[in-house]
Amino acid sequence: MVEFSFGILAYNQENYILETLESIKYQKEHFGLDCAVDIIIVDDASKDQTYNLVQYWLKENRTLFRDIKIIRNSENQGTVRNFNVIINSISTTNFKIIAGDDLISSGNLFEKYSNLDAKSLSTFARMEIKDGIVKLNLEWLKIYYYNMKKFQDRTFLLKAMRKGGLFHSPSTLFQKKLYINAKCSEYNSKFRLFEDDPTWYAILKNEPNLNVTFNKEIIVLYRVHSKSVSNSNVVNSPFEKEMEHLKSLYYKDAKGLEKLSFWFALHNTLPKIIRLDKYISYLKRKEINFYARHNNEFYNFIALLKEKEKEEQKFYKIIKQNAQKYHGILQI
């Protein structure tokens with residue numbers, strides 16, 4: 001029997017958590033009837049009704065899962081610690097951890113693990129939900145397509161990782177054994193709010209025989225909203241400070257012009273006119289835009305995703321309707 005685990009990181013997501021759960025239910029009912037599914041949820045001391053909604057939903061849908069774990073923190077611990085708590089609680093080879101505001105898409109997630117092993121990482125295209133609308137992020141997809149087509153070896157990936165935007169974290173799959181072997185928790189535990197880029201960097205650095213696959217499909221609908229930590233525009237926010245710390249780690253590994261660029265990035269109070277990192281970033285964006293604009297395959301790639309966008313909008317409507325059935329119970 002196929003075994004699988006879902007993990008959810010939840011914090012103050014009463015408006016979205018039921019949609020996340022309903023998307024998991026959809027996977028189980030449509031593609032996982034013969035699959036033993038476990039679910040692990042960490043509520044990071046939410047101050048709203050997130051925990052109560054989760055409890056009620058799980059009570060109503062208990063038969064979907066072989067095992068259920070709900071961990072409720074008395075104090076906010078941060079994303080990284082909760083992510084590692086879920087990883088340590090997983091007993092299956094394959095798993096998917098998502099935030100409590102994202103959704104698994106309408107496709108069969110379980111089959112995406114068929115070619116995955118302890119030395120593989122499989123990443124997929126990004127599709128977003130913003131204000132109830134499923135949409136593509138074309139600027140991000142240009143970067144994704146560029147990396148997908150230019151991908152050569154591990155050295156390329158490490159440099160691309162340091163530039164940013166290599167993998168869309170919610171849309172990237174790997175097995176627990178890879179996470180352990182690459183010592184990811186040792187690397188991401190240097191941070192509090194984001195485990196993703198430090199995790200990918202640890203995997204790229206510590207697994208020399210890594211097999212990376214770029215896919216043209218989507219597996220997650222990524223929620224974009226103002227309350228998301230990674231989408232905050234607050235200057236000197238905790239997220240920005242952690243990003244500066246990550247750049248300092250990149251700086252140690254970079255060489256030549258790349259190292260010099262990171263030096264300027266870390267000294268971001270210098271006048272913009274002498275910021276080498278800004279010029280390099282600008283030229284890279286121009287290169288990526290040129291590559292996409294002059295490649296017919298890119299337009300075919302986007303056309304396919306546009307069709308998928310329509311399908312996922314219909315799917316999201318169903319998920320939202322199913323989730324709303326529970327909201328009235330606690331008068332959210």
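Guide: The account below begins with the sheet and then turns to the helices and their side-chain contacts.

The model is predicted, so local features need pLDDT of at least 70 and side-chain atom pairs count only at pLDDT 80 or more, while totals for chains, interfaces and linings use all residues. Residues are numbered from 1 along each chain as its sequence is written, and side-chain values use heavy atoms, with hydrogens and water left out.

The sheet is open and has 4 strands in the order 3-2-1-4, with parallel pairing. Its edge strands, each pairing on one side only, are strand 3 (67-72) and strand 4 (95-99). On average, neighbouring strands of this sheet are turned by 15° against each other, direction ignored. Helices (H or I, at least four residues) and strands (E, at least two) are DSSP runs, numbered from the N terminus. Two strands pair if DSSP finds at least two bridges between them. Angles run from 0 to 180 degrees between N-to-C directions, and axes are lines fitted to C-alpha atoms, for helices over the stretch in contact.

Strand 1 (residues 2-10) pairs with strand 4 in the parallel sense over 5 bridges. Gly7 has Ile97 of strand 4 as its bridge partner, and Ile8 has Ile98 of strand 4. Helix 1 (residues 17-31) touches strand 1, strand 2 (35-43) and strand 4, and its direction makes about 175° with that of strand 1. Helix 3 (residues 79-89) touches strand 1, strand 2, strand 3 and strand 4, and its direction makes about 160° with that of strand 1. Strand 4 is mostly covered, with 4 of its 5 residues buried. Buried means under 20% relative accessible area, exposed means over 50%, and partly exposed lies in between (1.4 Å probe, protein chains only).

Side chains of opposite charge can pair when their charged atoms come close. A salt bridge is a side-chain nitrogen of Lys or Arg within 4 Å of a carboxyl oxygen of Asp or Glu, and a search of the whole structure finds 21 of them. In one, the side chains of Lys320 and Glu19 meet at 3.4 Å, N to O. Lys320 lies in helix 12 (residues 296-327) and Glu19 in helix 1, so that this pair links parts of the chain 301 residues apart. Glu19 counts as buried because its relative accessibility is 4%, whereas Lys320, at 33%, counts as partly exposed. Glu29 is also in helix 1 and counts as partly exposed at 38% relative accessibility. The C-alpha atoms of Glu29 and Phe194, 165 residues apart along the chain, are separated by 31 Å. Elsewhere, Glu3, Asp38 and Arg66 are linked in a network of salt bridges.

Asp253 in helix 9 is joined to Lys205 in helix 8 (residues 196-206), 48 residues apart, by a salt bridge of 3.0 Å, N to O. Asp253 is partly exposed, with a relative accessible area of 28%, and Lys205 counts as partly exposed at 32%. The side chains of Glu244 and Lys247 meet in another salt bridge, at 3.8 Å, N to O. Both residues lie in helix 9, 3 residues apart, about one turn of the helix.

Helix 10 (residues 256-266) has as its buried residues Glu258, Ser261, Phe262, Phe264 and Ala265. These residues cover an arc of only 155° around the axis, which puts them on the same side of helix 10; the arc is that of the directions from the helix axis to the C-beta atoms. What covers them includes helix 5 (154-163), helix 9 and helix 11 (276-293).

The structure also holds 30 aromatic pairs. Among them, Tyr187 and Tyr201 form a tilted pair, 6.0 Å centre to centre with 50° between the planes. Tyr187 lies in helix 7 (residues 184-188) and Tyr201 in helix 8, so the pair ties together parts 14 residues apart in sequence. Rings of Phe, Tyr and Trp (its six-membered ring) pair if their centres lie within 6.5 Å; planes under 30 degrees apart count as stacked, over 60 as edge-to-face and the rest as tilted. Both Tyr187 and Tyr201 are buried.

Conventions
Contact = heavy atoms within 4.5 Å.
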